[in-house]
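Thanks for coming. I will go through some side-chain pairs, then the core and the helix packing. Here is the model.

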Amino acid sequence: MFDPFESRRCRDIRNDIGTAFVKAIEDRNLQCFLEVAAELAQSPVTHEMTDYISGRQNNLETLLAETRHLSPEKDFYMIAELLWKECLYFEAHEWMEGKWLAAGGDKKKALQAIIFAATALEQFQYKRTRIAKKLTQKAVERLKDHSEFLSKLLDVKMILHDLKQILDY
C-alpha cells in the first residue's frame, strides 16, 4: 500500500509529485510534472508507487484541461476548490501554502485553517484517525473564527461538511 506516513520513500514521492503538481498548475504545463515522474521512475518503485504517480498525472491532466481558461493568480481560490473537490488534499495544502506563508495576521490564521483541514483529510485518507480528529478540531475552530473572510474565497460549508466525516467516525 502507498502510505506516505509509514514509508519514507512514499513520503518523498508524494512530496516531489505534489510540488511538481503545483508547479504544473502555475506554469499551465505538464512538462515539469513529467520530468519529476520520470526521475522518480529511475529509482526502484513498487507497483503502488507507480499507481500513485500515474493517478496524480491523470488528476493533473484533467485539472489542467478544466482550468485552461483560468489564471493561476486571479483564480487561485477557484483552483484550490477544484483540488479540494477532487480530494487532492495534499495538493490543495501545497497550493495554499504559498499564500499562507506570504500572509499575515488574521488572513494567515484563516488560510492556516484551510491547510489544517486539508492535512486532516489527507491523514484520514490513510486511516490515521486520531491525528485527523485533532487537526479537524483545530481546523473547525479556526474555520468558524474566520468564516466571514474565508467564505469570500472558498466554499467553507463544503470544507466543514468534509471534515464532519472525521468527527463522526
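Lys23 and Asp27 both sit in helix H1, four residues apart, which is about one turn of the helix. This is a predicted model, so please keep that in mind throughout. Lys23 makes a salt bridge with Asp27, and the closest N and O atoms are 2.7 Å apart. Lys23 is partly exposed, with a relative accessible area of 40%. Asp27 is likewise partly exposed, and its relative accessible area is 40%.

How many salt bridges does the structure hold? There are seven. In general, side chains of opposite charge can pair when their charged atoms come close.

Asp168 is exposed, because its relative accessible area is 52% and the limit for exposed is over 50%. Lys164 is partly exposed, at 45%.

Staying with H6 for a moment, Thr119 also lies in that helix. Its relative accessible area is 18%, so Thr119 counts as buried, the limit being under 20%. Leaving aside residues up to four places away in sequence, Thr119 touches His93 and Leu135.

As a general point, nonpolar side chains in soluble globular proteins tend to be buried together. The largest nonpolar core here has 59 residues, and the members that touch the most other members are Phe33, Leu83, Trp84, Met96, Ile159 and Leu163. Which helices supply at least two residues each? They are H1, H2 (31–41), H3 (47–66), H4 (76–85), H5 (89–102), H6, H7 (129–145) and H9 (156–167). H6 gives the largest share of this core, 11 residues.

Take Ile159 as an example from that list. Not counting residues up to four places away in sequence, Ile159 touches Trp84, Ile114, Ala117, Leu143 and Leu154.

Trp84 takes us to H4, where it is one of the buried residues. Why call H4 largely enclosed by the rest of the structure? Seven of the 10 residues of H4 are buried, so the description follows from that count. The buried ones are Phe76, Tyr77, Ile79, Ala80, Glu81, Leu83 and Trp84. These residues pack against H1, H3, H5, H6 and H9. After H4 comes Cys87, which has a positive phi, near 60°.

Last, one helix pair. Two packed helices are described by the angle between their axes and the distance between the axes. For H2 and H3 the angle is about 175°, and the axes are 11 Å apart. An angle over 145 degrees counts as roughly antiparallel, and H2 and H3 are therefore roughly antiparallel to each other. On the H2 side, the contact is made by Phe33, Leu34, Ala37 and Leu40. On the H3 side, it is made by Ile53, Arg56, Gln57 and Leu60. Sorted by class, the contact of H2 with H3 has six nonpolar residues, one polar and one charged. Phe33, in this contact, is also among the core members that touch the most others.

That is what I had. Comments are welcome.

Definitions and conventions:
Residues are numbered from 1 along each chain as its sequence is written. This is a predicted model: local features need pLDDT of at least 70, side-chain atom pairs count only at pLDDT 80 or more; totals for chains, interfaces and linings use all residues. Side-chain values use heavy atoms; hydrogens and water are left out. A salt bridge is a side-chain nitrogen of Lys or Arg within 4 Å of a carboxyl oxygen of Asp or Glu. Buried means under 20% relative accessible area, exposed over 50%, partly exposed in between (1.4 Å probe, protein chains only). Contact means heavy atoms within 4.5 Å. A nonpolar core is a set of buried Ala, Val, Leu, Ile, Met, Phe, Trp, Tyr and Cys residues joined through side-chain atoms within 4.5 Å. Axes are lines fitted to C-alpha atoms, for helices over the stretch in contact, and angles run from 0 to 180 degrees between N-to-C directions. Angles under 35 degrees count as roughly parallel, over 145 as roughly antiparallel, 65 to 115 as roughly perpendicular and the rest as oblique. Ala, Val, Leu, Ile, Met, Phe, Trp, Tyr, Cys and Pro count as nonpolar, Asp, Glu, Lys and Arg as charged, and the others, Gly among them, as polar.
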